[in-house]
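Please look through the sequence and the structure shown here before reading the notes that follow.

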Amino acid sequence: MSAFGMERWKGKVAVVTGASSGIGAAIVVHLAKAGMVVVGLARRVEMVEALKSELPEDFKSHLHAIKCDVANEEDIIKSFKWVEDKFGGVDALINNAGVAPKKEILKSSSQQLKEILDINVMGLALCSREGFQSMKKRSVDGHIIHINSILGHHVINMPSLGIYPASKHAVTAITETMRHELRTEGTKVKVTSISPGAVRSEMTKGLEHLGEFPFLEPEDIADGVLYVLSTPPRVQVHELMIKPAGEPF
């Protein structure tokens, strides 16, 4: 972590989507322990509430859980309105919510394809819109972080990934587009894409047949989030790629 550190984020508000398990849950715990007020958005809101048990007693009150389906624009708007009413607005947004179909594009129904794009692309874009408007309104040095994937940069030979790599390629393009938009707006809000390799989580269940295939742990990505947030205002970490040692692609 940089010498600049997380000090300036203490007491600031972070919104984390897809916060119920895996990478999102690890990010929620790391940010709360760093002294941030954390609002975890998830469909399984009870799992976010349960994360308080992983926090020291003095930090349990830092975590708040909101039921939100990022595929639903009304849910998103209501959630960010709640954050504004309760805490004044959002300072850091971590777009982590995502789903992977494990089904080929040519065998998928239109509804299955739409669900992936609604969550992985539209949900991310809409949460970014709401988060940015909150940051701009209060002229804060905010930060928007997208949890992307190495599959947003390179498509591997695994047809069962379906439309997932396409949705993550969209995140890569959105990140660059947002960087230009933020620069043009003249704000001090930064945007970062973090692209992990395979991470041990609910999403990667079923890959066990690959034998000694190396995995990252969710905490590794949470550490990356803290590193990115800890950089000084002059530093733009545009893309942080994190691979497990020995990854074959």
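Two residues are in contact, or touch, when they have heavy atoms within 4.5 Å of each other. The model is a predicted one, in which local features need pLDDT of at least 70 and side-chain atom pairs count only at pLDDT 80 or more, whereas totals for chains, interfaces and linings use all residues. Residues are numbered from 1 along each chain as its sequence is written, and side-chain values use heavy atoms, with hydrogens and water left out.

**The chain as a whole**

- The protein chain holds six helices and seven strands, where helices (H or I, at least four residues) and strands (E, at least two) are DSSP runs numbered from the N terminus.
- Read from the N terminus, the elements follow the order β-α-β-α-β-α-β-α-β-α-β-α-β.
- The radius of gyration of the chain is 17 Å, close to the 18 Å that the globule rule gives for 249 residues, so the chain is as compact as a globular protein of that length; this radius is taken over C-alpha atoms, and the rule is 2.2 Å times the number of residues to the power 0.38.
- Buried residues account for 51% of the 249 residues, with buried meaning under 20% relative accessible area, exposed over 50%, and partly exposed in between (1.4 Å probe, protein chains only).
- Of the contacts between residues at least 6 apart in sequence, 72% join residues that are at least 24 apart.

**A buried histidine**

- His-146 belongs to strand β5, which covers residues 143-147, and this residue is buried, with a relative accessible area of 0%.
- Not counting residues up to four places away in sequence, His-146 touches a set of residues that includes Asn-95, Leu-124, Val-171, Met-178 and Thr-192.

- Helix α6 (residues 218-230) has 13 residues and reaches 19 Å from its first C-alpha to its last, close to the 18 Å expected at 1.5 Å a residue, the expected span being 1.5 Å times one less than the number of residues.
- Among the buried residues of α6 are Ile-221, Val-225, Leu-226 and Leu-229, and what covers the buried residues of this helix includes α1 (22-33), β4 (92-95), β5, β6 and β7 (239-242).
- Val-237 is found in the loop between α6 and β7, and at 12% relative accessibility Val-237 counts as buried.
- Leaving aside neighbours within four places in sequence, Val-237 is in contact with Val-191, Thr-192, Tyr-227, Val-228 and Thr-231.

**Two residues with positive phi**

- Most residues other than glycine have a negative phi.
- Lys-102, however, has a phi near 55°; Lys-102 lies in the loop between β4 and α4 (110-137) and, at 43% relative accessibility, counts as partly exposed.
- Ser-139 also has a positive phi, of about 55°, although it is not a glycine; Ser-139 sits in the loop between α4 and β5 and is exposed, with a relative accessible area of 63%.
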